[in-house]
Amino acid sequence: MMLGLLLARAGVGVTVLEKHGDFLRDFRGDTVHASTLTLLDELGLGERFAALPHRHMSKMSLTYTGTVATLADFSLLKGPHKHIAMVPQWDLLDLLADEAGTEPTFELRMNTEVTELITAGEKVLGVRFKTADGETGELRAPLTVSCEGRHSRLRRGAVRDYPVPMDVWWFRLPRLTDDIDGGVMSFTTGHAIVAFDRGDYFQAAYMIPKGSDAELRARGLPWFRETVKELFPWTRDQLDTITSWDDVKFLNAKLDLLKTWYADGLLCIGDAAHAMSPAGGVGINLAIQDAVAAAAILAGPLRRGTVSTGDLARVQRRRTYPTVATQAVQRLMHRVAINHALTGAIGDKPPAPVRLISRTPLLRRLPGEIVGLGFRPEHIPAFARRKPDQLSR
Ligand SMILES: Cc1cc2nc3c(=O)[nH]c(=O)nc-3n(C[C@H](O)[C@H](O)[C@H](O)COP(=O)(O)OP(=O)(O)OC[C@H]3O[C@@H](n4cnc5c(N)ncnc54)[C@H](O)[C@@H]3O)c2cc1C
């Protein structure tokens, strides 16, 4: 959606195909980081975004076998945004879709699922699709961008899979007004959990060893409620609201990297190029950064009708360092924190780097910057920048 908006602002004809009828999906990642908030300002959408219902998260703390440590302090970030905004992802997508819809060259087709690529030899000519009411069709284009997430069927070629120690159970906990606020994590022998303050509820993620969903569900809900109570002693009777396993959603975590993100006529970005783990809640923001880089590099060649594999390679080159560096941080978090907790190899005290960061405000800036701003943040290219008073709605 971000790439569609940017290319349409450059006057490039764009059609976005989305298989669902709306963007309403619970427990999509909803973390909009400072880097993305700055991009929204540059698009002229900062005020409209700020009017969406959202929560600010200005720090992330960790309870590690009973010791509380502040892990990231976003209030120390440079720039105008010193927090992470927790916003339902459908609100953000609706905002971008609404704004893109004001551009004459933009079209969004909902309920339209891409089924396969149209190819001639190695060249990609477009896609075949089917709609929710069973119609099928073809759409041909000089460039097809695969941004259909981590289960991408359009991506091609070798993929490097990284081991991920956990899957995730997502659930809601009502938030009482005097509960803690911000983001909280709790790690102890055999368990790891994180919860984000969403106003009247917490969005909580309990991490389970990879592949153990069925085995752990068989232990029963009372076991689960008790486990969460031990990890979050501040909860009161909120856990009674979990009355069925349907309240606890299973999400399969993965982390991978496509070796080559492009082919003649095709480019993969976002999770289609590099599926992100939930660790650090960075995946949406990284996907948006890919879109901004792709628009900056490709708008000119697309307008001139000369887009080449060399241009597509430039997008991959531009985004490789931030992607590889972010995935390296996620792999470190998997290895040092989550895996140790889940296998019971957790020490009595937080690891030395966590203790150091927690005690030293200046060092707390670093994890805040890695998560909140990311590596080499992109900026909206001049052709797509607008002041709020230049927007037609
Ligand atoms: C458990 C879990 C929790 C996470 N939590 C966070 C978090 O808190 N914050 C964060 O930043 N990241 C989080 N992530 C990562 C994040 O979800 C992804 O990195 C991010 O959504 C990738 O964006 P994307 O646009 O590439 O793909 P997606 O967000 O997956 O979007 C793909 C879109 O393509 C559509 N689509 C799919 N197939 C087709 C098709 N064939 N035809 C047409 N449309 C199609 C889908 O309906 C969807 O709308 C989490 C990941 C997991 C697994």
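Leu139 is found in strand E10, residues 136-140, where strands (E, at least two residues) and helices (H or I, at least four) are DSSP runs numbered from the N terminus. Leu139 is partly exposed, with a relative accessible area of 21%; buried means under 20% relative accessible area, exposed over 50%, and partly exposed in between, with a 1.4 Å probe and protein chains only. The C-alpha atoms of Leu139 and Gly126 are separated by 5.6 Å, although the two residues are 13 apart along the chain. This is a predicted model, in which local features need pLDDT of at least 70 and side-chain atom pairs count only at pLDDT 80 or more, while totals for chains, interfaces and linings use all residues. Residues are numbered from 1 along each chain as its sequence is written, and side-chain values use heavy atoms, with hydrogens and water left out.

- Met110 has its place in the loop between strand E7 (106-109) and strand E8 (112-120), and at 24% relative accessibility Met110 counts as partly exposed.
- At 33% relative accessibility, Asn111 counts as partly exposed.
- Arg376, in the segment after H10, has a positive phi of about 45° although it is not a glycine, and with 34% relative accessibility Arg376 counts as partly exposed.

**The largest nonpolar core**

- The largest nonpolar core has 82 residues, of which Phe49, Phe187, Leu267 and Leu298 touch the most other members; such a core is a set of buried Ala, Val, Leu, Ile, Met, Phe, Trp, Tyr and Cys residues joined through side-chain atoms within 4.5 Å.
- Helix H7 (residues 283-304) gives the largest share of this core, 9 residues.
- At least three residues of this core come from each of domain 1 (2-58 + 72-158 + 254-319 + 368-390) and domain 2 (166-209 + 211-251), with domain bounds that come from an automatic or database domain assignment.

**Cysteines**

- The count comes to 0 disulfides, a disulfide being a pair of cysteine sulfur atoms within 2.5 Å.
- The sulfur of Cys147 is 9.2 Å from the closest cysteine sulfur, which belongs to Cys268, and this is too far for a bond.
- Cys268 is itself buried, with a relative accessible area of 1%.

**The second largest pocket**

- About 220 Å³ of space lies in the second largest pocket, where a volume is the space filled by probe spheres set on grid points that are joined across faces, edges and corners.
- On a 1 Å grid over the protein atoms alone, a pocket is an open set of points with protein on both sides within 12 Å along at least five of seven lines, a cavity is a set of points where a 1.4 Å probe fits but cannot get out, and lining residues have an atom within 4 Å of a point.
- Of the 14 residues that line the second largest pocket, Ser61, Thr63, Ile180, Val184 and Trp234 lie nearest its centre.
- Strand E4 (59-64) and strand E14 (183-188) each supply at least two residues of this pocket's lining, and the largest share, 4 residues, comes from E4.
- The lining of the second largest pocket divides into 9 nonpolar, 3 polar and 2 charged residues; Ala, Val, Leu, Ile, Met, Phe, Trp, Tyr, Cys and Pro count as nonpolar, Asp, Glu, Lys and Arg as charged, and the others, Gly among them, as polar.

**The cavities**

- The structure holds 2 cavities of 30 Å³ or more, and about 130 Å³ of space lies in the largest cavity.
- Leu286, Gln289, Leu373, Gly374 and Phe375 lie nearest the centre of the largest cavity, which is lined by 15 residues.
- H7, helix H8 (309-343) and helix H10 (361-372) each supply at least two residues of the largest cavity's lining.
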